[in-house]
Amino acid sequence: MDTSNPAVFVNGALLRMYVGRRVRTVIQVIQSDSGGVTGKSTDDHQLVVKGSQPTIPLTNFVEVIGIADSDRSIRAEMWTNFGNTFDTNNYNQLCQLANGEYKHLFI
Amino acid sequence: MFSSSQFDANSAFSGGGFMPHQSQPADSNPSPARSRDSLGLVPLTVKLISEASQSGDEKSNFVVNGSEVTNVTLVGMVFGKEERASDVTFTLDDGTGRVLCKRWASEVFDTKEMEAVQDGMYVRLNGHLKSFQGKKQLVAFSVRPVTSFDEVTFHFIDCIYFQSQKSKLQVQGSSIHQPQLVDSSLHTPVQTGSNNYQTAPSNHLSSQFGIDGLKDCDQLILDYLQQPSSSERERGVHIDELSQQLKIPKKKIMDSIASLENEGLIYSTIDEFHYKFARG
């Protein structure tokens, strides 16, 4: 049992609170190039995700887990395809709850 | 018939309704761990499991935030899967922590299901919480790959919901507005104020509040009156509407209304048929 390295649920607005820390978020992929993957967060912010992408093609929605680089970018350790449909509103509200009064369930 | 001696109280009253000192009425405020015995699968995060304490009895149950827990459900990513002759072990990482899991390869069903599980995959895991050599472990009886990732979001919201329902039990009777997770309106009612976990005064409300979400009439009415659509109305809600919307007979509504009004949780407005939730 090890809870020493959790990944905090963040959206675009919450990312700035965890710069330098391990975070997780779901983005909708806008474009992907050598500079990284540009995506839209569940609260409509534009985020850039750097780091070696997986060999398989990315679906529309991707979960990234990694270290928050800045208030707009993440250095990904892990990418998971979340498919082409995803309820961003639910996820967004989860991020707010997980950082609000139910924080103790997560970190 | 009654002897003049006062020392005969026990025998004198033993036939009557009042039983002096020996037989107290059953504990009206049951300890949380016993009263809300968790049935079914409790949705948890690894973080919550790490904070679980072991309840004293031989069944080696765990107590998470005041309720007994044995069967749990988690969603997370599989790592370090190792297959052996008798079992399969792996680590489950749900973003809040990592926990060791074991699946006994007792039936063909078990082995076949575990074959489909690979490292890096998101799975829904159902199992028992166990302690082995002082460390908490999960003994899984069901491990299913996640196919629709809304399940990931759902699981964590489920964890939050479960915890919020428990605290709702504890604060029943006070007029604290609970976070409305079902509300699908645009704004998120996030409660950032302090959470007052007051223990309810003894035998305050007859909480027939089961884990499967059954609520007593009082709570249903309070919930309805707290919705923005109800609280915004100056005149409040008519008891006919409560009866129709909650599908509860009017007589029962009126009984609950009387009791809630007595406790100061609601008040009547233009007449004795219209009620509003009393904000604290």
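**Salt bridges in close-up**

**Figure 1. Salt bridge between Asp69(A) and Arg75(A).** In this predicted model, Asp69(A) is paired with Arg75(A) through a salt bridge whose closest N and O atoms lie 3.3 Å apart. Side chains of opposite charge can pair when their charged atoms come close.

**Figure 2. Salt bridge between Asp93(B) and Arg98(B).** The side chains of these residues, Asp93(B) and Arg98(B), meet with an N to O distance of 3.0 Å.

**Figure 3. Salt bridge between Asp110(B) and Arg103(B).** A distance of 2.7 Å separates the closest N and O atoms of Asp110(B) and Arg103(B), which form a salt bridge. Asp110(B) and Arg103(B) are both buried.

**Figure 4. Salt-bridge network in chain B.** Glu82(B), Arg84(B), Asp87(B) and Lys102(B) are joined into one network by salt bridges that share partners. Over all chains, a search of the whole structure finds 18 salt bridges, among them the pair Asp69(A) and Arg75(A) shown in Figure 1.

Key: Residues are numbered from 1 along each chain as its sequence is written. Chains are lettered from A and ligands numbered from 1 in the order in which they are written. This is a predicted model: local features need pLDDT of at least 70, side-chain atom pairs count only at pLDDT 80 or more; totals for chains, interfaces and linings use all residues. Side-chain values use heavy atoms; hydrogens and water are left out. A salt bridge is a side-chain nitrogen of Lys or Arg within 4 Å of a carboxyl oxygen of Asp or Glu. Buried means under 20% relative accessible area, exposed over 50%, partly exposed in between (1.4 Å probe, protein chains only).
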